[in-house]
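This briefing goes through a single protein model, topic by topic. Please keep the sequence and the structure in view while reading.

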Amino acid sequence: MDDDSLSLRPLTARSVVLSTLLGHHPPALPARALVRVGALFGTAEGTVRTALTRMVAAGDLEQRDGAYRLTERLLARQARQDDSRAPRTRPWDGSWEIAVVTGERRAAPERAALRQAMAGLRLAELREGCWLRPANLARDGWPAVVRDQCALLTGAAPESDPAALAATLWDPAGWARRARALEAALTALPGGPQRLAERFTVSAAVLRHLLADPVLPPALLPPDWPGEDLRRRYDAFDGEFREILLRHIGG
């Protein structure tokens, strides 16, 4: 695997802890298990424990019953991560979801919260304050941060080519290129416990990439879209990887 061509992020003590818990169900592990994961990356026990203390202080983790657990905010991130592995879609009739910002003089935290929510909902910004996407995702409703700041509409297909519009909003071709590179990296890694730290790093990169998948209708995607192939390959990889990791940490 060529890490430089994939630009894989080096994992800090915090990101090792976070990636481990986000991939663990339920998302709770004792400190000794998280220290053993950190050791895979040459991270000293004291560094991992310092990261745990800081994450508790920052509200990322809570310590209860001898284990470190994700807080509510990060449980929502875990739910989005799980959904990215098996997105819930519905048949597409050509319509689009549109959210137009109506609030004036919004504070910076409100704007940031809306932008974060829109990314999680897989909407893209056509221009400032105008967000949209094809209406092909199964929704359980809109979060309050969106309802409070936006007017929500369902619109007909654009008069121009909708696939061309999607390409300007999300760059599906670029997403597909990286998906194929990540799938090749998964395939190239050996089975078993060899190069476990490298497997961990690639696993985290795949999950980040799946979170960035716009999950567009097939009619708007380039030919030979690799999204489902990457998900199938990752599911098989992750099943073996989690089994090995649990044995390593004594879980």
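D65 is exposed, with a relative accessible area of 68%, in this predicted model. The side chain of D65 forms a salt bridge with that of R69, at 3.9 Å from N to O. R69 is partly exposed, at 23% relative accessibility.

- D65 sits in the loop between strand 2 and strand 3 (67–70).
- D65 is not a glycine, yet its phi is positive, at about 55°.
- Most residues other than glycine have a negative phi, and most peptide bonds are trans.
- D171 also has a positive phi of about 55° without being a glycine.
- The loop that holds D171 runs between helix 8 (162–170) and helix 9 (172–188).
- D171 counts as partly exposed because its relative accessibility is 41%, between the 20% and 50% cut-offs.
- The peptide bond from H25 to P26 is cis, with omega near -5°.
- P26 belongs to the loop between helix 2 (13–22) and strand 1 (28–29).

**Salt bridges**

- The count of salt bridges comes to 17.
- One of them joins the side chains of D60 and R73, with N and O 2.2 Å apart.
- This pair links distant parts of the chain, with D60 in the loop between helix 4 (45–57) and strand 2 (61–64) and R73 in helix 5, 13 residues apart.
- D60 is buried, at 5% relative accessibility, whereas R73 is partly exposed at 49%.
- Another salt bridge pairs R88 with D140, and the closest N and O atoms are 2.9 Å apart.
- R88 is partly exposed, with a relative accessibility of 41%, while D140 is exposed, with a relative accessible area of 69%.

**R133, a buried arginine**

- R133 is part of strand 6 (residues 130–134).
- What lies around the charge of R133, given that this residue is buried yet has no salt bridge?
- The nearest side chain of opposite charge is that of E97, 4.5 Å away, and a salt bridge would need the nitrogen and the carboxyl oxygen to be within 4 Å.
- The side chain of R133 does reach the backbone oxygen of R122, at 2.7 Å.
- A polar atom of the R133 side chain also lies 2.8 Å from the backbone oxygen of P214.
- Apart from neighbours within four places in sequence, the contacts of R133 are W96, E97, L121, R122, L123, R139, W170, P214, V215 and L216.

**F241 in helix 11**

- F241 is located in helix 11 (residues 227–249).
- F241 counts as buried because its relative accessibility is 0%, and the cut-off for buried is under 20%.
- Beyond neighbours within four places in sequence, F241 is in contact with L196, R199, F200 and S203.
- From F241 to A119 the separation is 122 residues in sequence and 28 Å in space, C-alpha to C-alpha.

**The largest pocket**

- Rolling a probe the size of a water molecule over the atoms shows where empty space is left.
- The volume of the largest pocket is about 1,100 Å³.
- Which elements give two or more residues to the lining of the largest pocket?
- They are helix 5 (72–85), helix 6 (108–120) and helix 10 (196–211).
- Helix 5 provides the largest share of the lining, seven residues.
- The lining of the largest pocket is made up of 31 residues, and R80, A117, A119, G120 and L121 are those nearest its centre.
- L121, one of the residues nearest the centre of the largest pocket, is also among the contacts of R133.

Note on methods: Residues are numbered from 1 along each chain as its sequence is written. This is a predicted model: local features need pLDDT of at least 70, side-chain atom pairs count only at pLDDT 80 or more; totals for chains, interfaces and linings use all residues. Side-chain values use heavy atoms; hydrogens and water are left out. Helices (H or I, at least four residues) and strands (E, at least two) are DSSP runs, numbered from the N terminus. Buried means under 20% relative accessible area, exposed over 50%, partly exposed in between (1.4 Å probe, protein chains only). Lys and Arg count as positive and Asp and Glu as negative; His and the chain ends are not counted. A polar contact is a pair of N or O atoms within 3.5 Å; within protein, one must be able to donate a hydrogen and the other to accept it, and residues adjacent in sequence count only if both atoms are side-chain atoms. Contact means heavy atoms within 4.5 Å. On a 1 Å grid over the protein atoms alone, a cavity is a set of points where a 1.4 Å probe fits but cannot get out, and a pocket is an open set with protein on both sides within 12 Å along at least five of seven lines; lining residues have an atom within 4 Å of a point. Grid points are joined across faces, edges and corners, and a volume is the space filled by probe spheres set on the points.
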